Amino acid sequence: LATADSLEHVIVRKVKDLGRYMDDMNVSWKDVAASLSRKDVAVEFISYDIDDTKKYSAAVLRKGWKSPKVTAPFSIDGDQNHLYDAVWKEVASYLKAGDNVYFSPAGAMHHIGIEYIADNKGRRMSDMYNMYRLSSTRELAVQDEEADTHDAVLYGGIDYSTDVSVMQNESNLVRNAYTRGTAVNFFTET
């Protein structure tokens with residue numbers, strides 16, 4: 001019965017997590033815009049292929065806009081001197097000093113610190129704006145719930161050459177003690 005209750009708890013938690021994940025996939029640009037404050041700007045970079053050439057654009061969004069502004073297509077080549085003009089120049093026309101810029105890179109931008117690119121006057125983006133790199137601007141609209149975890153496991157002094165059967169035995173001891181609600185201290189002298 002305890003095992004069935006434990007499995008039911010795990011299944012319910014996993015289904016809840018899947019539902020949250022699916023809700024996160026249904027975030028629209030309007031949801032992102034609604035989550036922004038007056039000094040926030042969301043910039044979602046997009047990569048796509050045109051005639052076998054990788055191109056990029058940026059969708060820029062501020063609270064209250066009727067729709068995102070999309071920049072002209074640009075390419076990223078190996079020339080560091082042109083990165084600002086390619087990546088940020090058009091986007092910067094929508095920014096104000098001190099704005100919070102939440103941006104999500106795409107393609108090769110994941111390998112470049114685009115938030116540190118300097119403009120033609122030598123000023124870095126990160127010096128002019130509060131730059132926040134995201135995996136997706138959708139994160140701005142998703143409300144993270146606090147984790148429902150009140151337990152923790154701390155491992156230290158791990159012996160990676162330990163036999164698998166010894167590890168399984170110790171794992172069973174911990175699992176059995178945990179299900180009985182008792183604390184376990186496995187500090188051993190070596």
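Is D51 buried or exposed? I looked this up before anything else. D51 is exposed, with a relative accessible area of 73%. I note that the model is predicted.

**Entry 1: the β1–β2 turn**

I placed D51 in the loop between β1 and β2. The hairpin of these strands has 2 residues between them. I then checked the backbone. D51 has a phi near 50°, a positive value in a residue that is not glycine. I turned to D52. D52 also lies in the loop between β1 and β2. Its phi is positive, about 60°, although D52 is not a glycine. D52 has 81% relative accessibility, and the cut-off for exposed is over 50%, so D52 counts as exposed.

**Entry 2: the sheet**

I traced the strand order next. I found an open sheet of 5 strands, ordered β3-β2-β1-β4-β5, with mixed pairing. The edge strands are β3 (69–70) and β5, and each pairs on one side only.

I went through the pairings of β1. With β2, β1 pairs in the antiparallel sense over 10 bridges. With β4, β1 runs parallel, and 5 bridges join the two. I looked up two positions here. V41 has V101 as its bridge partner in β4. V43 has F103 as its bridge partner in β4.

I then asked what α3 does against this sheet. α3 packs on the sheet and touches β1, β2, β3, β4 and β5. The direction of α3 makes about 135° with that of β1.

**Entry 3: helix α3**

Which residues of α3 are buried? I listed L83, Y84, V87, W88, V91 and A92. Seen down the helix axis, the buried residues of α3 fall within an arc of 105°, so they line one face of the helix. I looked for what covers them. The cover includes β1, β2, β4, α4 and β5.

**Entry 4: the nonpolar cores**

I moved to the largest nonpolar core, which has 24 residues. Which of its members touch the most other members? They are V43, F45, W88, I114, M125 and Y129. I checked where the core residues come from. β1 (40–50), β2 (53–62), α3 (83–92), β4 (100–104) and α4 (125–128) each supply at least two. α3 gives the most, with 6 residues.

I took M125 as a close-up. Leaving aside neighbours within four places in sequence, M125 is in contact with Y84, W88, L95, I114, E115, I117 and M131.

**Entry 5: N100 in β4**

I put N100 in strand β4. Is N100 buried or exposed? N100 has 17% relative accessibility, and the cut-off for buried is under 20%, so N100 counts as buried. I listed its contacts. Not counting residues up to four places away in sequence, N100 touches K39, D40, V41, N130 and Y132. V41 is also the residue I had paired with V101 of β4.

**Entry 6: the loop between β5 and α5**

I finished with two residues of one loop. S136 lies between β5 and α5. S136 is buried, with a relative accessible area of 12%. What does S136 contact, leaving aside neighbours within four places in sequence? I found E44 and S104.

E139 lies in the loop between β5 (130–133) and α5 (164–179). I looked up its accessibility. E139 is partly exposed, with a relative accessible area of 38%. I then checked its side chain. A polar contact of 2.5 Å joins the side chains of E139 and S135. I also looked up the spacing from E139 to S104. The two are 35 residues apart in sequence and 9.8 Å apart in space, C-alpha to C-alpha. S104 had already come up as a contact of S136.

Note on methods:
Residues are numbered from 1 along each chain as its sequence is written. This is a predicted model: local features need pLDDT of at least 70, side-chain atom pairs count only at pLDDT 80 or more; totals for chains, interfaces and linings use all residues. Side-chain values use heavy atoms; hydrogens and water are left out. A nonpolar core is a set of buried Ala, Val, Leu, Ile, Met, Phe, Trp, Tyr and Cys residues joined through side-chain atoms within 4.5 Å. Buried means under 20% relative accessible area, exposed over 50%, partly exposed in between (1.4 Å probe, protein chains only). Helices (H or I, at least four residues) and strands (E, at least two) are DSSP runs, numbered from the N terminus. Contact means heavy atoms within 4.5 Å. A polar contact is a pair of N or O atoms within 3.5 Å; within protein, one must be able to donate a hydrogen and the other to accept it, and residues adjacent in sequence count only if both atoms are side-chain atoms. Two strands pair if DSSP finds at least two bridges between them. The arc is that of the directions from the helix axis to the C-beta atoms. Axes are lines fitted to C-alpha atoms, for helices over the stretch in contact, and angles run from 0 to 180 degrees between N-to-C directions.
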